[in-house]
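Below is a short report on selected local features of one protein model.

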Amino acid sequence: MFFIQMKKEIKCFFSSKGNLLFMFAMPILLITVFSFALKDYISAEYNTFSEGKVYYYVEDKGFKESENNSNNVSNNNASNNTASNKVVEFEKISKEISQKLGVRFEEVFDYENAKAGVESSKAYGLITIKKEGYDYFRSSFNEPEGGKLVRSLFVQLANSEKIEQGLDVMDNREAIVNKTRISINKLDSKNYYTFVGLAFSILFMGLLVAFMVYDEKEYGTIRRIKLGGSGISTMVISKALTGLLCGAVMIGASYLYTTIVLKVNWGDKKLYIIAVLLCLVLFSAVFGCLIGLIGKNKSMCQSSVLMFSMLCGYLGGSITPLYLLEAMPVLKWIIRISPLYYTNRAIISLFNGIVDEKTYLSIGVLLGLVAFFIILSVKAGRKEAQKV
């Protein structure tokens, strides 16, 4: 019975020219308009932290002397060679991060004073260069988003296996930065709005699902489903999966358009990006299903989905960039109520080649909301089915 209903849902959905137009035109339109109309909000310096800096401290000043004199002295011992390699390695990593992100690396000579500067937000972190590796000190209570990204990039480029709160030891004995593939992308308006514009359009897809469900209710289909024993939960899941298929088409169309026309490189973590977007699709579809079940008319369904989408879009960074929202003292906490906030944060990190807690938090939040809305939808559907 489920597959029969699923086949019927797909056939009805894709037979509508309006639905097809929405799937292809909506994301392309939003991405194009936002990329060019809002380009002044996001230059190539967005999320590049040109005002930010990271302190670094050389534990043994003999390291640098060893490195500077390595071309003139042929009998350096193994320890000095290791130290010299570590300094050279750090310089390559810091140079790459500086070029790509704009963050500055500043050498300090007073370790304790530098730690105090990090705690007071004068710098993102403090890197100590040792013979055996690196220490990375970051604020234990107010590390900014920029600092988290810089730290994650540094850890990845150094091939670190360990990073913990506070003073983190990063052993890099076997890693040579020359052999490390460095891939950090600048986030201009086209890159940024390719992803957040697509995510924004996915939220509006919930309106299509809401209308589909409302029509089932209007025509009495839900009551017949209940009497026929098919089950409300089957209907809800089939609607959600139909929405998932619609979202997959939207993502595919957007990928082709942005890579071919806008020349946007989705990066090495594109599969992770698609996975996060598909979770957002499921969330949008199930939310639309709930609105269709509880809405008293189509106007109410439309206004509810549109208002919700616009609110989530603004708070989630799809209209006003996240870096501006996160810079506002109170708003930076309010924006966390938007599911799109977690989605866009995760995608920005993934675009820079970083799979971290933002990715898993985004997926967890979205799937948790999906489960919650499925439960509410099933309850609302059963209540509707009991009406005479």
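## Strands, a helix and a surface patch

In this predicted model, strand 1 (residues 53-58) is mostly covered, with six of its six residues buried. Lys 53, Tyr 55 and Tyr 57 point one way from the strand, while Val 54, Tyr 56 and Val 58 point the other way; all are buried.

| Partner of strand 1 | Sense | Bridges | A bridge pair |
|---|---|---|---|
| Strand 2 (residues 104-107) | parallel | four | Lys 53 and Arg 104 |
| Strand 3 (residues 126-129) | parallel | four | Tyr 55 and Leu 126 |

Helix 15 covers residues 357-385, 29 residues in total. From its first C-alpha to its last it reaches 42 Å, close to the 42 Å expected at 1.5 Å a residue. Lys 358 is itself among the buried residues of helix 15. Others include Ser 362, Leu 366, Val 370, Phe 373 and Ser 377. In an α-helix, residues three or four places apart point the same way, because there are 3.6 residues a turn.

On the surface, Leu 256, Ile 260 and Val 261 form a nonpolar patch with about 290 Å² of accessible area together. Of these, Val 261 lies in the loop between helix 9 (232-260) and helix 10 (270-294).

Technical notes
Residues numbered from 1 in each chain as written. Predicted model: local features only at pLDDT ≥ 70, side-chain atom pairs only at ≥ 80, totals over all residues. Heavy atoms only, no water. Helix = DSSP H or I, 4+ residues; strand = E, 2+ residues; numbered from the N terminus. Expected span 1.5 Å × (residues − 1). Buried < 20%, exposed > 50% of the residue type's maximum accessible area, 1.4 Å probe, protein only. Patch = residues over 30% accessible without salt bridge, like charges linked within 9 Å, V, L, I, M, F, W, Y side chains within 5 Å. Areas by Shrake-Rupley, 256 points an atom, 1.4 Å probe, with all protein chains shown as cover. Salt bridge = Lys/Arg side-chain N within 4 Å of Asp/Glu carboxyl O. Pairing = 2+ DSSP bridges.
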